[in-house]
Amino acid sequence: MRAKQDIELLQEAVKAFEAETNLTIDIVGEGFFDNHREIDGMIELPYQAGRLGVEVKNWAQHANIGAIANQIKAMPVEGMLVADYINPAMAERLRKLGIHFLDTVGNAYINKPPLYIWVINKKPNQAHKQLKEGGNRAFDATGLKVVFGVLCNPGLVAAPYRKIAEQTDVALGTVGWVVNGLKEAGYLLDRGKKKDRRLTERQKLLERWVEAYPEKLQPKLKLGEFVADNPHWWEAVDTEKYDAFWGGEIAAAKYTGYLKPKMATVYLPEARRGQFLADARLRKAPDHVGAGNRVKVYGTFWRPDRVNANREIKDTKAIEKYLTGVAPPILVYADLIATGDGRNREAARMIHERYIAEHLRED
DNA sequence: TGTGTTCTAGATGTGCTAAG
DNA sequence: CTTAGCACATCTAGAACACA
């Protein structure tokens, strides 16, 4: 699995090197053990310069150079670093440390007589960014806003980019990225020559969104954690007054009547935060401790007015059964799944069955 | 004119390094 | 060991551009 990625990265780096230098490197081994140490690969240099063991590092910029150096020095054979991208500063340091390297955009340092290679300052380009694993903008923070919008209202994908941008509150430029990302990942089809975009694999797309949301988007929305004086504080709060929405367990309770909420989640426009916290008598939660009466507060990221009722975009299946002052079912579903709690999971299942499944059915 | 695509500047985020 | 500032990379909004 991981080995496969490593090999691909190595192949890509070799290709970049060959394109850059017109020299040839052969990959003579991939992912094996030598003296109980794993080696990601082995390459054969041109001009009988010999062989080098390969240590593959994805995301090298965020790794510790010293640690990498040690790892490579400790290899049972003379080794080199193969990375996605080596920036000029790192390149210089690696050269000083005497560590050979290759990256996937053509930078290289190899000092193994008779061979001497020193290529730096090659920049990763758009194509590379797009190629890179995880480079699917549909599942980045802003992409997730768009995907959420189209999940709530599948007909929206067929609308002009400008409309989609406006509805989901992102820039025009990002819509293209997301649409292409969805296409690439197989969630969006262009039928016919006329623009007629449709979502497919909607259930899978939902799952993908649910998985990515707490990772990429939710952290950016987080306004803080707070505590209330008593566990029933929320029953007296009218979220609508603040243009706010219950999420998580409280929302689940309202949708299903099944849960007794413990942890509260609320989505609140940032501008109303102070007012809400004051009125509800919430105070900042101490860093750790105390599961009781806690409230997670997030900013809103969707356009309730649009998601909720936009009949000008024809979609027969836009979700009808919204409760006011409560986050859309899909978001609540994601909140619940993210907790990993058994009862929450069950509530999530109920919400899915009642509010989401039919809505995502394809015809 | 309406639509999609590409480019760029600025904002944001992150690890690194130097200073305390 | 912790912190602050720095350098670099990434991300995104919005505009310019291109196309039909």
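Predicted model: local features only at pLDDT ≥ 70, side-chain atom pairs only at ≥ 80, totals over all residues.

Reply: Residues are numbered from 1 along each chain as its sequence is written, chains are lettered from A and ligands numbered from 1 in the order in which they are written, and side-chain values use heavy atoms, leaving out hydrogens and water.

Let's start with glutamate 249, which sits in helix α9 (residues 248-256); helices here are DSSP runs of H or I with at least four residues, strands are E runs of at least two, and both are numbered from the N terminus. Glutamate 249 is buried but has no salt bridge. Buried means under 20% relative accessible area, exposed is over 50%, and partly exposed is in between (1.4 Å probe, protein chains only). A salt bridge needs a side-chain nitrogen of Lys or Arg within 4 Å of a carboxyl oxygen of Asp or Glu. The nearest side chain of opposite charge is lysine 262, 5.0 Å away; Lys and Arg count as positive, Asp and Glu as negative, and His and the chain ends are not counted. The glutamate 249 side chain does, though, reach the backbone nitrogen of lysine 262 at 2.8 Å. Setting aside neighbours within four places in sequence, glutamate 249 has contacts (heavy atoms within 4.5 Å) that include Leu259, Pro261, Met263, Leu336 and Asn344.

Elsewhere, charges do pair: the whole structure has 12 salt bridges. One of them joins aspartate 229 and arginine 283 at 2.9 Å, N to O. That pair links distant parts of the chain, 54 residues apart: aspartate 229 is in the loop between β10 (222-227) and β11 (245-247), and arginine 283 is in strand β13 (residues 283-284). Aspartate 229 is exposed at 55%, while arginine 283 is partly exposed at 46%.

Aspartate 243 and arginine 272 also pair, with their closest N and O atoms 3.1 Å apart. Aspartate 243 is in the loop between β10 and β11 and arginine 272 in the loop between β12 (264-267) and α10 (273-279), so this bridge ties together parts 29 residues apart in sequence. Lys222, Glu225 and Arg294, meanwhile, form a salt-bridge network.

Last, the helix pair: the axes of α8 (residues 202-221) and α13 (residues 342-360) come within 9 Å and cross at roughly 125°. Arg202, Gln203 and Leu206 of α8 make the contact with His352, Ile356, His359 and Leu360 of α13.

Conventions
Polar contact = N/O pair within 3.5 Å; in protein donor to acceptor, adjacent residues only side chain to side chain. Axes fitted to C-alpha atoms, helices over the stretch in contact; angles between N-to-C directions.
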